[in-house]
Amino acid sequence: MIGKSEKIAVGLSGGKDSATMLYLMKKFFSDVDIVAISVDEGISGYRDESIKKAEEFCKSINVEHHTVSFNDKLGFSLDDIKTDNFCTHCGVFRRSLLNKKAYELRADKLAVAHNMDDEVQSILMNIFRGDILKFQRLGAKPPSIGDEKLVPRIKPLRDIPEKEVKLYAILNSIPYHDGECPHSFNNVRRDVQKIINDMEERYAGTKFQIISFYDKINPMVRPSSERVLGRCKMCGEASSAGICRACVL
Ligand code: SF4
């Protein structure tokens, strides 16, 4: 996933997964240039706390830290949006801002802290939605897209169950924010998470089996050629449609 002397931008929310990922990368990759990026979506009583933790952590391990906020870049915060589906808006805008900042910082890769539980949820969610395009693009190192404005994403924690990430963070006294997003209820991911955790409880190893199934099937469903994107008519960012998802929303 990571080449010698590369510059890696780490998406750092300040939660256990991203803090542990940053800690591990700093510990094992001494010849890699690491920079952290936090996105402040504007979720009052939640994100302000986690970004404070992220800032302090970066300072303590000597990592350059940047924060980009919805308010500064989009002109509104997540709390301002009138919707019953905060996570969709949050995910689209956050991905867009993270990518833009990583590109601006000339990062070779953007590391996101998806753990095994997140990946298993994504696999099943894409099956439930019949979204083969997104299904093809999962994995620790998704297939590259031939567009210089899209920084390739990597998921270093993708094969580690959430509980183990948490245990590692506690055992190594990694500081992280343990709050829960007030908008995290009533979303599909949460429902899928419940189903998988229930299956794992009753049939130990379910999560590993789903990941292993995906890794076996992925070479058969991966696109054979690099996807080439056009430009969004409104913002000029890379997009497979005339107007990118962030501008549509
Ligand atoms: Fe955003 Fe949803 Fe995560 Fe909250 S739970 S930070 S709204 S994606």
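## Helix α9 and its cover

What covers the buried residues of α9? The cover includes α5 (116–129), α6 (132–136) and α8 (188–202). Keep in mind that this is a predicted model. The residues of α9 that end up buried are T206, K207, I210, I211, Y214, N218 and V221.

How does the length of α9 work out? The helix runs over residues 206–221, and at 1.5 Å a residue its 16 residues should span 22 Å. The end C-alpha atoms are 22 Å apart, so the two values agree. There is still a kink to look at: about 25° at D215, shortly before the proline P219.

## The sheet

Now for the strands. Five of them make an open sheet in the order β3-β2-β1-β4-β5, and the pairing is parallel. The edges belong to β3 (64–69) and β5 (153–154); each has a single partner strand, so one side of each is left without a neighbour in the sheet.

Strand β1 (residues 7–11) pairs with β2 (residues 33–40) in the parallel sense over five bridges, and β2 is joined to β3, also in parallel, by six bridges.

Is β1 mostly covered or mostly open? It's mostly covered, with five of its five residues buried. In a regular strand, side chains alternate between the two faces of the sheet. Here K7, A9 and G11 sit on one side, I8 and V10 on the other, and all are buried, which leaves both faces of β1 covered.

## Around the ligand

Which residues surround the ligand? They are I43, R47, L78, C87, C90, R94, C181, H183 and S184. Sorted by class, that shell has five nonpolar, two polar and two charged residues. Helix α4 (residues 86–104) gives the largest share of the shell, three residues.

T83 lies in the loop between α3 (70–74) and α4.

For a sense of distance, take T83 and G45, which are 38 residues apart along the chain. Their C-alpha atoms are separated by 19 Å.

How values were computed
Residues are numbered from 1 along each chain as its sequence is written. This is a predicted model: local features need pLDDT of at least 70, side-chain atom pairs count only at pLDDT 80 or more; totals for chains, interfaces and linings use all residues. Side-chain values use heavy atoms; hydrogens and water are left out. A residue is near a molecule or strand if one of its heavy atoms lies within 4 Å of it. Helices (H or I, at least four residues) and strands (E, at least two) are DSSP runs, numbered from the N terminus. Ala, Val, Leu, Ile, Met, Phe, Trp, Tyr, Cys and Pro count as nonpolar, Asp, Glu, Lys and Arg as charged, and the others, Gly among them, as polar. The expected span of a helix is 1.5 Å times one less than its number of residues. The bend at a residue is the angle between axes fitted to the seven residues ending there and the seven starting there. Buried means under 20% relative accessible area, exposed over 50%, partly exposed in between (1.4 Å probe, protein chains only). Contact means heavy atoms within 4.5 Å. Two strands pair if DSSP finds at least two bridges between them.
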